[in-house]
Amino acid sequence: MAPGVLQRVGGGLHRATGGAAQAAGRCFATSSSRDREDSWFKSLFVRKVDPRKDAHSNLLTKNEESNLYKIQFHNVKPESLEAYNKLCEDVLPSIHADKYYPCELVGTWNTWYGEQDQAVHLWRYRGGYPALTEVMNKLRQNKEFTAYRKERGKMLLSRRNQLLLEFSFWNEPVPREGPNIYELRSYQLRVRSGYEARAIGYRQHNREAVGGFFSQIGNLYMVHHLWAYKDLQSRENTRNAAWQQEGWHEVVYYTVPLIQHMDSRIMIPTKASPMQ
């Protein structure tokens, strides 16, 4: 009798031959493949937890810098956007340039594609939370800033902000000469992964990577990537080129299941922005 596999028939075991053996083998292979897929999927969410004595964010950020970032999203009344930009140009650069305030205006933009009539501001506080507290306390005593906030409030439909830390494997955002367009890609994650560090390595060739951040206060498990391009076509060319690099497919394969929601804004810098 030709070799086969054992099957239970009635009360005993019988050896299956020919097509029956092949069918049983396929079932076993399919089951084994399914088990591997289930194991991989579970590994995304079920991990061994090692005892730690500090926050997970300390593994990801630049501890030696202790920079804290604040990103602001202001939804402006459509008829007030021009006046809003002029108001920001008159006030924000003076705060940025004044050494009395331990903060820097990293960039300020209007959304071009994405959420319309929106302004986005990114601030850096060197020294972390103490620097943020110092700036907020000093600005409360600044009559010009108080008047600015009051006038600004008349122009806004809504506003929100987040406090962020920067990833250790990204460059620190610095002023740029223009003209550039900027893309802010925001990801709401289920969990964090180690593939973010690998991903940035594929996107550093043309200096398009500006900054990478993760939320500490506000919407949590939120990641923001900021990119700079000469125009929309150069953005398209750069993103397509990443797919030609060995290993990029693997990065995408393992990170996409971790994303709950993602959003992309194409932004134009305002006159007040250090990033042009």
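Biologist: How many aromatic pairs does a search of the whole structure find?

Modeller: The search finds seven. Two rings of Phe, Tyr or Trp (its six-membered ring) pair if their centres lie within 6.5 Å. This is a predicted model, in which local features need pLDDT of at least 70 and side-chain atom pairs count only at pLDDT 80 or more, while totals for chains, interfaces and linings use all residues. Residues are numbered from 1 along each chain as its sequence is written, and side-chain values use heavy atoms, with hydrogens and water left out.

Biologist: Why is the pair of Y100 and Y101 called edge-to-face?

Modeller: Planes under 30 degrees apart are stacked, over 60 edge-to-face, and the rest tilted. The planes of Y100 and Y101 stand at 80 degrees, so the pair is edge-to-face.

Biologist: What makes Y101 buried or exposed?

Modeller: Buried means under 20% relative accessible area, exposed over 50%, and partly exposed in between (1.4 Å probe, protein chains only). Y101 has 8%, so Y101 is buried. Y100 has 47%, so Y100 is partly exposed.

Biologist: How do you know that K138 lies over the face of Y100?

Modeller: The test needs NZ of Lys or CZ of Arg within 6 Å of the ring centre and within 35 degrees of the ring normal. K138 passes, at 3.8 Å from the ring centre of Y100. R160 also lies over a ring face, that of F73, at 4.3 Å from the centre.

Biologist: What makes a set of residues the largest nonpolar core, and which members touch the most others?

Modeller: A nonpolar core joins buried Ala, Val, Leu, Ile, Met, Phe, Trp, Tyr and Cys residues through side-chain atoms within 4.5 Å. The largest one holds 37 residues. Y84, I95, C103, W123, Y125 and Y148 touch the most other members. Helix α3 (residues 81–97) gives the largest share, seven residues. Helices (H or I, at least four residues) and strands (E, at least two) are DSSP runs, numbered from the N terminus. A second, separate core has 16 residues, including V120, L164, Y182 and V210. In soluble globular proteins, nonpolar side chains tend to be buried together.

Biologist: Which residues does Y84 touch?

Modeller: Contact means heavy atoms within 4.5 Å. Leaving out residues up to four places away in sequence, Y84 touches H74, V76, A119, H121, R152, M155 and L156.

Biologist: Why is K70 called buried?

Modeller: K70 has 10% relative accessibility, so K70 counts as buried. K70 lies in strand β3 (residues 67–76). Beyond four places in sequence, its contacts include H121, W123, Y125, M136 and N161. The C-alpha atoms of K70 and L165 are 8.8 Å apart, although 95 residues separate the two along the chain.

Biologist: What makes the link between the side chains of K70 and Y125 a polar contact?

Modeller: A polar contact is a pair of N or O atoms within 3.5 Å; within protein, one must be able to donate a hydrogen and the other to accept it, and residues adjacent in sequence count only if both atoms are side-chain atoms. K70 and Y125 qualify at 3.4 Å. The side chains of S186 and H224 also make one, at 2.7 Å.

Biologist: Where is S186, and is S186 buried or exposed?

Modeller: S186 is in strand β7 (residues 181–189). Its relative accessibility is 3%, so S186 is buried. Beyond four places in sequence, S186 touches M222, V223, H224, H261, M262, D263 and R265.

Biologist: What kind of peptide bond joins G178 and P179?

Modeller: A cis bond, with omega about 5 degrees. P179 lies in the loop between β6 (156–166) and β7.
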